[in-house]
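Take a moment with the view below, then read on.

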Amino acid sequence: MKINLKNNHKYFLLFTFFLFLAAMYLAFAADLSFPDSLPGSPKTGTTNLYSHTPVTQVFSATEKNLSQINIGIKNLPKKFSYKVMIQLADESCDAIIAEKKFGVFSIFSSPRKFKFKKIPDSAGKRFCLKITYLGEKEGKGELPYVEVSEKPADPNSSYTNPGKGGEYKGRTLKIEPTYSGTLSENLTQLNQRLSQYKPWFLKANYLTAIFALFLISSVILVIALIFL
Amino acid sequence: MNKNYRLILTLILTTFFLKELFFIAIIPFLRGPDELAHYATTQYRSEPSELKWGFISDYDENGKKIRDKYFSEEIQKTYELIGAAGTAAIFSENSYDGRGESEIDKNQWSHIFEKYPPKVTDYPPLYHDYSTSILEKVFINYDIFIRIFFIRSFSIVLGLMVVLFSYLIADKMSFSKKESLLVAAIVSFQPMLSATAAIINPDMMLIAAFTIFIYGAVSGLRDGINWKNALIIILSAIAGVLTKGPGLTLVILCYPLLAYLIYKKIHINKSKFAKYFAIFSLLILLAAFLVTPKPYLQTITRFGESSHFDSKAESLYKYLEKFTFRKDRFMFTGVSYWGNFGSLEAELPDKVIESIWWIEGISALGIILLLLYKKVNREYLPEKKYIIFLILTISVLQLAIRFYDWRVFDLNGKALISTPGRYFLPNVAAHMILVMYGLGFFFKERLNFEIMLKTILVLMVILNIYSVFIIIIPKFYL
């Protein structure tokens with residue numbers, strides 16, 4: 001069957017528009033995961049990732065539904081082959097709970113946002129995060145690194161980097177555990193955060209109404225212009 | 001204008017307004033580019049004149065840069081409570097009110113800049129003195145969040161003008177009504193324009209001045225000079241100069257443009273006109289040189305100050321090598337033209353910008369071919385005179401900003417001003433129309449050109465929604 005693009009372009013454009021909207025919604029919904037509301041530790045340094053040598057840190061989850069860890073990992077080479085493996089283990093760093101490898105084909109995921117299956121009973125438990133660089137150093141280029149804070153919120157924090165020299169006490173990798181509830185809980189929490197430090201008419205239901213009107217109006221406009 | 005088209009133009013403006021309200025809601029307290037400085041300036045200039053400090057310099061009497069500058073008690077305390085300086089705001093759990101928000105709502109702290117020197121900008125008066133500080137005074141009894149909302153909303157009004165005049169420009173240039181509506185809608189969803197129209201920053205006023213100026217010019221090029229378009233050209237150029245430094249480029253464009261339009265009107269002999277034009281230009285230059293205060297001339301050219309380099313040629317070469325013809329510099333400008341939404345690395349990824357460059361590159365090729373080859377005939381595209389004018393407008397602003405950036409580099413050896421892409425947003429309507437024009441080369445039939453415009457619109461709306469939900473909200477709130 002021959003498709004006549006000239007006659008059907010309107011439907012094709014509309015389909016593309018809604019397809020992108022749906023993809024955006026899915027990406028957004030998957031991203032809805034909240035770090036706790038405490039101030040983070042400021043970045044004061046970095047620690048290099050040496051090839052095949054895991055950097056590890058034990059941390060405490062403050063809430064239930066641990067689902068993601070944001071990691072201040074930088075300078076990853078763009079070369080075809082790079083790979084970083086990130087693992088979540090129990091407190092002893094032995095029993096692996098979640099594991100993911102990242103490479104150039106990881107278009108929809110990033111080692112800066114290590115997502116895994118929600119852990120419902122995470123509140124108060126301690127976990128071990130392991131970051132392993134599986135690539136090689138490229139020429140004169142610097143190694144990839146993880147940001148570090150020498151002023152951690154918990155002064156008993158420490159991390160280990162055997163490639164560099166062992167255990168570093170009183171310091172923490174710049175990581176941020178985040179927690180995710182149901183979609184409805186997440187959207188409510190997001191609305192609460194967006195509402196804070198705004199005038200009363202940009203809060204809560206007013207905010208939802210403005211968003212809904214903007215979205216509806218945009219969709220109507222796109223449809224109207226496509227079919228004009 | 002057909003009733004349906006009028007309805008759709010209203011829909012474009014309404015959608016823009018609603019979108020901007022949402023942008024105001026999602027851009028955190030004074031977190032837009034330089035927004036804190038511009039709100040502080042607004043508040044400072046709304047003070048009774050007897051309370052204002054006198055001359056404000058960035059340097060002390062020993063020529064050393066003054067680092068400690070002061071806000072009003074209200075801005076200082078609000079900022080401390082929100083914890084916005086340098087890190088993400090600290091959110092309250094299970095509440096629609098932030099920590100300390102009830103304290104801020106009481107509007108109990110002084111709005112006066114008690115200590116010298118105040119942390120304010122020294123922009124020309126049109127934006128801060130005659131616009132935003134009036135709003136600050138009108139809503140002085142309301143809390144800071146309400147005042148900031150209304151001052152930010154003023155940018156929406158300016159944004160609405162930009163969208164409306166984008167339509168009018170395209171219409172004047174002989175695009176069809178349908179195509180003009182598509183152009184206006186495409187401009188209205190440009191992500192960085194959307195963000196700029198929701199914050200406190202004179203950039204939006206400059207963008208409006210440029211867009212209206214371009215409309216006046218295009219109108220003159222099409223209908224010949226008349227009182228209406230001459231007034232639009234002159235007033236928008238004055239508005240530009242009174243808003244921000246780069247507004248001066250409108251004056252630079254204004255003079256030859258008006259001269260050309262007059263030449264077209266009076267049917268004078270070409271060589272005679274050239275002679276008059278040269279004499280008149282010299283007289284104007286001389287008068288401008290004599291009338292313009294020397295410190296102002298020195299500020300905009302930085303000539304006469306000691307250079308960091310051995311020669312001007314060396315400093316220019318180094319500036320071009322380090323800060324112009326490099327991919328990372330293009331990327332820096334590109335990202336901040338399309339979407340750099342404040343701190344916290346809230347910006348569009350490089351891959352998105354590279355994709356846009358591909359489209360722009362193809363369009364640039366189309367423009368060159370359309371301008372050079374007379375055989376190529378696309379009847380539905382505007383005449384070349386409009387296109388040459390738009391290219392000229394973009395080139396003059398590019399040159400002016402890069403010239404000033406180079407002059408500062410020449411003095412310090414550092415790019416202190418730099419060239420963030422938002423400095424080039426005043427030409428957003430001209431830019432979008434040029435891109436569409438260039439792409440038009442590749443379509444022989446008008447219907448296909450319209451399909452292309454619709455495709456670009458869909459992509460722009462998607463890019464805008466992507467900026468909101470994948471960049472701004474996650475960066476600031478997750």
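## Before you start

This is a predicted model, so to speak of local features a pLDDT of at least 70 is needed, side-chain atom pairs count only at pLDDT 80 or more, and totals for chains, interfaces and linings use all residues. Residues are numbered from 1 along each chain as its sequence is written, chains are lettered from A and ligands numbered from 1 in the order in which they are written, and side-chain values use heavy atoms, with hydrogens and water left out.

## Where chain B meets chain A

Let's begin with the interface. On the chain B side, 56 residues are in contact with 52 residues of chain A (contact means heavy atoms within 4.5 Å). The two chains bury about 5,200 Å² between them, and carbon and sulfur atoms give 75% of that; buried area here is the accessible area (1.4 Å probe) that two parts lose on being put together, summed over both. In chain B, the residues that lose the most area to chain A are Tyr96(B), Lys454(B) and Leu478(B), together 15% of what that side buries.

There are also 13 residue pairs in polar contact between chain B and chain A, both residues being at pLDDT 80 or more. A polar contact is a pair of N or O atoms within 3.5 Å; within protein, one must be able to donate a hydrogen and the other to accept it, and residues adjacent in sequence count only if both atoms are side-chain atoms. Several helices of chain B give two or more residues to this side, including H1 (3–26), H6 (144–172) and H19 (446–477). The largest share, 16 residues, comes from H19(B). Helices (H or I, at least four residues) and strands (E, at least two) are DSSP runs, numbered from the N terminus.

## Salt bridges

How many salt bridges cross the interface of chain B and chain A? The rule finds two, counting a side-chain nitrogen of Lys or Arg within 4 Å of a carboxyl oxygen of Asp or Glu. Asp97(B) and Lys203(A) form a salt bridge, with their closest N and O atoms 2.9 Å apart. Over all chains, the whole structure has 28 salt bridges.

Within chain B, Glu73(B) pairs with Lys77(B) in a salt bridge at 3.8 Å between the closest N and O atoms. These two are four residues apart in helix H3 of chain B, so about one helical turn separates them. Lys327(B) and Glu354(B) also meet in a salt bridge (2.9 Å, N to O). Because Lys327(B) lies in helix H15 and Glu354(B) in helix H16 of chain B, this pair ties together parts that are 27 residues apart in sequence. Lys327(B) is exposed, at 52% relative accessibility, while Glu354(B) is partly exposed at 28%. (Buried means under 20% relative accessible area, exposed over 50%, partly exposed in between, with a 1.4 Å probe and protein chains only.)

## A hairpin and a buried serine

In chain A, strands E6 (residues 84–90) and E7 (residues 96–102) run antiparallel, joined by six bridges. Strands pair if DSSP finds at least two bridges between them. Ile86(A) has Lys100(A) in E7(A) as its bridge partner. The hairpin has five residues between its strands, and Cys93(A) in the turn has a positive phi of about 70°.

Back in chain B, is Ser236(B) buried or exposed? Ser236(B) counts as buried because its relative accessibility is 4%. Ser236(B) sits in helix H10 (residues 227–241). Leaving out residues up to four places away in sequence, Ser236(B) touches Ala209(B), Ile212(B), Phe213(B) and Leu250(B).
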